[in-house]
Amino acid sequence: MTKHRHFEIFLATPPGLEDMLCAEVKLKGFRQPKAVPGGVTLRGGWPEVWRANLWIRGASRVLARVAQFRAEYLKQLDVRTREVAWGELLRSDVPFRVEVSCSTSRIYHSGAAAERIAKAITETLGAPSSDTADVVVRARIENNFCTLSLDTSGDLLHRRGHKEAVNRAPMRETMASLFLRKCGYNGQEPVLDPMCGSGTFVIEAAEIAARLNPGRSRHFAFEHFATFDADAWKQMRAVKSQRDPDFHFYGSDRDAGAITMSCANAERAGVTAYTTFSQATISEITPPAGPPGLVILNAPYGTRIGDKKKLSALYRALGERLLEHFKGWRVGIITTETSLAQASGLPFLPTGAPIPHGGLKVFLFQTTVLE
């Protein structure tokens, strides 16, 4: 697996969003992406790995699969791990750590497997193993078959690098981008979030419209690999595709602190010129001047006893306001509760499978154009 060889690349995403991620990867020009459980696979080299981290909005991490082999015993795992050309992949002066998951295999103890893999790499390469290392080798042992991967991202990719302030129940940027895509958003219409929190949907929509690379403000684990070419990476990052959007993007929230957070995050993201945030209750929201677009929000879920009765009234008020004032707009609401969504009275399309989010399962309820 040298600098010029192609290999399998895996882009991870929450189950249920694989098709949306695959559509994005295909749109960005990657060849023959394939949706698989938990993500998307494609073939490419290290430039494709770098581009995926820099360009793709919906992936939570990018893994380079460096070896796949059968492993029924720890000794077998040790021998096959030593056959990997680690010196072509990792640097001997950079610490690494190993994370292992095991399922339906003779090797069932992930800790023992991690120790064997770490020892094999250290003795082959000379690099130290450390529990706090930024470089991670991931091993998945399933049905006695082991896949060794390098985590090329480091921090999860929803950490764009320009968002510091978050509210109590933030929507991850990666998921927000895929929910926007699932609602048919492609950067060619205005977007409004009436419960904007820290501004995730609004900022993500503005970045998509402005063609800003999601990874432009951060560093990645692959910068510490032996395969890294600093000059080529500098040239890749220097390519600018930014444009001024034709539309504006709006967020409102009843909480003044949320508006302050959103404005600060938008400024760090460089989209202040295209975004407007204002303090308003649901009963005060009005459509901005100009053509209709998409209303999208990560609504409160009501996980505590007694919440749902209050929230039903909130959803009902939201639905009444949208039906009365937002004719011509489409609506997307993310929530855990079908009963709450139905309380809005909005004409929702059939929902798809639930999506894991923050330990819960959420649904995207969406409408066609309101009449």
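An open sheet with mixed pairing is built from seven strands in the order S2-S3-S1-S4-S7-S6-S5, where two strands pair if DSSP finds at least two bridges between them, and where helices (H or I, at least four residues) and strands (E, at least two) are DSSP runs numbered from the N terminus. The edges are held by strand S2 (34-36) and strand S5 (96-103), each with a single partner strand, so one side of each is left without a neighbour in the sheet. On average, neighbouring strands of this sheet are turned by 30 degrees against each other, direction ignored.

This is a predicted model, in which local features need pLDDT of at least 70 and side-chain atom pairs count only at pLDDT 80 or more, while totals for chains, interfaces and linings use all residues. Residues are numbered from 1 along each chain as its sequence is written, and side-chain values use heavy atoms, with hydrogens and water left out.

Within this sheet, strand S6 (residues 135-142) and strand S7 (residues 145-151) run antiparallel and are joined by seven bridges; Glu142 has Phe145 of S7 as its bridge partner. H3 lies across strand S4 (61-70), S6 and S7 and runs at about 115 degrees to S4, whereas H4 lies across S5, S6 and S7 and runs at about 140 degrees to S5.

Two helix pairs can be set side by side. Axes are lines fitted to C-alpha atoms, for helices over the stretch in contact, and angles run from 0 to 180 degrees between N-to-C directions.

| Helix pair | Angle | Axes |
|---|---|---|
| H3 (residues 74-82) and H4 (residues 110-125) | about 30 degrees | 9 Å apart |
| H5 (residues 173-182) and H6 (residues 200-210) | roughly 65 degrees | within 9 Å |

H3 and H4 pack at an angle of about 30 degrees, which makes H3 roughly parallel to H4; angles under 35 degrees count as roughly parallel, over 145 as roughly antiparallel, 65 to 115 as roughly perpendicular and the rest as oblique. H3 passes H4 in a right-handed crossing, a crossing being right-handed if the near helix is turned clockwise from the far one by less than a right angle, and left-handed if anticlockwise. The residues in contact include Leu74, Leu77 and Thr81 of H3 and Ala113, Ile117 and Ala120 of H4. They divide into seven nonpolar, two polar and six charged, where Ala, Val, Leu, Ile, Met, Phe, Trp, Tyr, Cys and Pro count as nonpolar, Asp, Glu, Lys and Arg as charged, and the others, Gly among them, as polar.

The axes of H5 and H6 cross at roughly 65 degrees, which makes H5 roughly perpendicular to H6. H5 passes H6 in a right-handed crossing. Glu173, Ala176, Ser177, Phe179 and Leu180 of H5 meet Thr200, Phe201, Glu204, Ala205 and Ile208 of H6, and by class this contact has six nonpolar, two polar and two charged residues.

A further open sheet, again with mixed pairing, has seven strands in the order S10-S9-S8-S11-S12-S14-S13. Strand S10 (275-279) and strand S13 (355-357) stand at its edges, each with a single partner strand, so one side of each is left without a neighbour in the sheet. Its neighbouring strands are turned by 20 degrees against each other on average, direction ignored. Strand S9 (residues 249-253) pairs with S10 in the parallel sense over five bridges, and Asp253 stands opposite Gln279 in S10. Helix H8 (residues 256-269) packs on the sheet, touching S9 and S10, with a direction that makes about 165 degrees with that of S10. Helix H9 (residues 307-325) also packs on the sheet, where it touches strand S11 (294-298) and strand S12 (330-335), and its direction makes about 170 degrees with that of S12.

Conventions. Contact means heavy atoms within 4.5 Å.
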